[in-house]
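Please read the points with the structure open.

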Amino acid sequence: MTAESSDAAVPSRRPALGFIGGGVMAEALIEAVTGSCLAPPGTILVGEVDEERRRVLHERHGVEVTADNLAAAAAELVVLAVKPQQSGVVLQQLRGQLREDTIVVSIIAGTRLQTLCEGLEHPFVVRAMPNTPARVRKAATFWCASAGSSKPALLRVRSLLGALGTEVEVADEAGVEMATGLAGPMPAFVFFLIEAFIDAGVVLGLPRDQATLATVESMRGSMELLHRTQESPAALRKQVTSPGGATLAGLKVLESAGVRETMGAAVRAVHARAQELGRQPLASPESGKEG
Ligand SMILES: NC(=O)c1ccc[n+]([C@@H]2O[C@H](COP(=O)([O-])OP(=O)(O)OC[C@H]3O[C@@H](n4cnc5c(N)ncnc54)[C@H](OP(=O)(O)O)[C@@H]3O)[C@@H](O)[C@H]2O)c1
């Protein structure tokens, strides 16, 4: 089926899962839920403004796609997956249009529950912060729900987010926002480090493929060690740092360059920027693309 024909053939049955926005994160979630058989592709409807993107999602994952966000929002569980700057347009479009029993999960960084509930005129909204390892079902997702959420709805949300990897329900939005600073950007931070270490290996004289292997496999092994032994990162670090040894020489360089403090500053910058994005006035439909 082509993307065009699937546009025309939006399912007559109520979709189980709808996405508003079919970008990077929506695709990661689609991979996870179809991979875990939580929702077959035919029960998923993605509302996405970009025609080429709709075609790609349909061809790669077999999901139904549409340019009509209201059709996607008719699903039993609707995931809001647009950029914070696009959320105003989407909230205006969907305001008062959701069925009473619709479960809404927003993964939009920064946009607060009150804004979402008021903007949608919908009482029950979950705010969640997953990350891209959802693609391989290894996300760490922190989430919280608006007051008055029903138990069955919460169970449904838990099973969706559980299909992405590890899910943690936190008491309030502050917890989700702090996780936004840490878990949200963590894949980017880790890939940044990997790039830097590979380059360092190449500068030493290793061929790039060997530098890549040395970096990636050592990182993977270290994660596995941490996971399986349940020892603290500090204890595991000390085990490989003998006094006067070579590893200590490297760690001293990292400490004296203030790498720890720089990492703290990076996390705080993400947290602050996400909050800033959430405080920005919501754009009107006229200032954004129609979906
Ligand atoms: N990336 C991450 O690691 C991550 C992690 C956790 C949470 N998040 C959050 O997840 C959300 C999505 O991030 P992303 O990285 O997936 O962004 P993205 O790749 O830009 O995806 C957003 C998609 O929505 C489309 N869109 C824009 N306006 C629309 C509208 N009115 N109706 C329907 N679709 C519309 C965009 O199309 P155009 O490109 O044509 O505008 C784009 O394809 C963001 O709020 C972000 O804060 C991201």
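1. Arginine 273 and glutamate 276 form a salt bridge in which the closest N and O atoms are 2.5 Å apart. Both residues belong to helix α13 (residues 259-279), and because they are three residues apart there, about one helical turn separates them. Arginine 273 has a relative accessible area of 38%, so this residue is partly exposed. Glutamate 276 is also partly exposed, at 39%. Please keep in mind throughout that this is a predicted model.

2. Some salt bridges share partners: Arg112, Arg127, Glu173 and Glu177 are joined in this way into one network. The structure as a whole holds 19 salt bridges.

3. A further salt bridge joins the side chains of glutamate 27 and arginine 53, with an N to O distance of 2.7 Å. This pair links distant parts of the chain, as glutamate 27 sits in helix α2 (residues 24-35) and arginine 53 in helix α3 (residues 51-61), 26 residues apart. Is glutamate 27 buried or exposed? Its relative accessibility is 10%, and buried means under 20%, so glutamate 27 counts as buried.

4. The axes of α2 and α3 are 11 Å apart, and the packing angle is about 15 degrees. Angles under 35 degrees count as roughly parallel, which means that α2 is roughly parallel to α3. The crossing of α2 and α3 is right-handed.

5. Which residues make the contact between α2 and α3? On the α2 side they are Val24, Glu27, Ile30 and Glu31. On the α3 side they are Arg53, Leu57, Arg60 and His61. By type, the residues of this contact divide into four charged, three nonpolar and one polar. Glu27 and Arg53, listed in this contact, are the partners of the salt bridge in point 3.

6. Arginine 158 and glutamate 169 meet through their side chains in a salt bridge, at 2.7 Å from N to O. With a relative accessibility of 32%, arginine 158 counts as partly exposed. Glutamate 169 counts as partly exposed too, at 37%.

7. Arginine 137 is not a glycine, yet its phi is positive, at about 60 degrees. Where is arginine 137 found? It is in the loop between β6 (125-129) and β7 (139-145). The relative accessible area of arginine 137 is 38%, so the residue is partly exposed.

8. Glutamine 230 likewise has a positive phi of about 60 degrees without being a glycine. Its place is in the loop between α10 (208-229) and α11 (233-239). Exposed means over 50% relative accessible area, and glutamine 230, at 61%, therefore counts as exposed.

How values were computed:
Residues numbered from 1 in each chain as written. Predicted model: local features only at pLDDT ≥ 70, side-chain atom pairs only at ≥ 80, totals over all residues. Heavy atoms only, no water. Salt bridge = Lys/Arg side-chain N within 4 Å of Asp/Glu carboxyl O. Helix = DSSP H or I, 4+ residues; strand = E, 2+ residues; numbered from the N terminus. Buried < 20%, exposed > 50% of the residue type's maximum accessible area, 1.4 Å probe, protein only. Axes fitted to C-alpha atoms, helices over the stretch in contact; angles between N-to-C directions. Parallel < 35°, antiparallel > 145°, perpendicular 65-115°, else oblique. Left-handed = near helix turned anticlockwise from the far one by under 90°. Contact = heavy atoms within 4.5 Å. Nonpolar A, V, L, I, M, F, W, Y, C, P; charged D, E, K, R; others polar.
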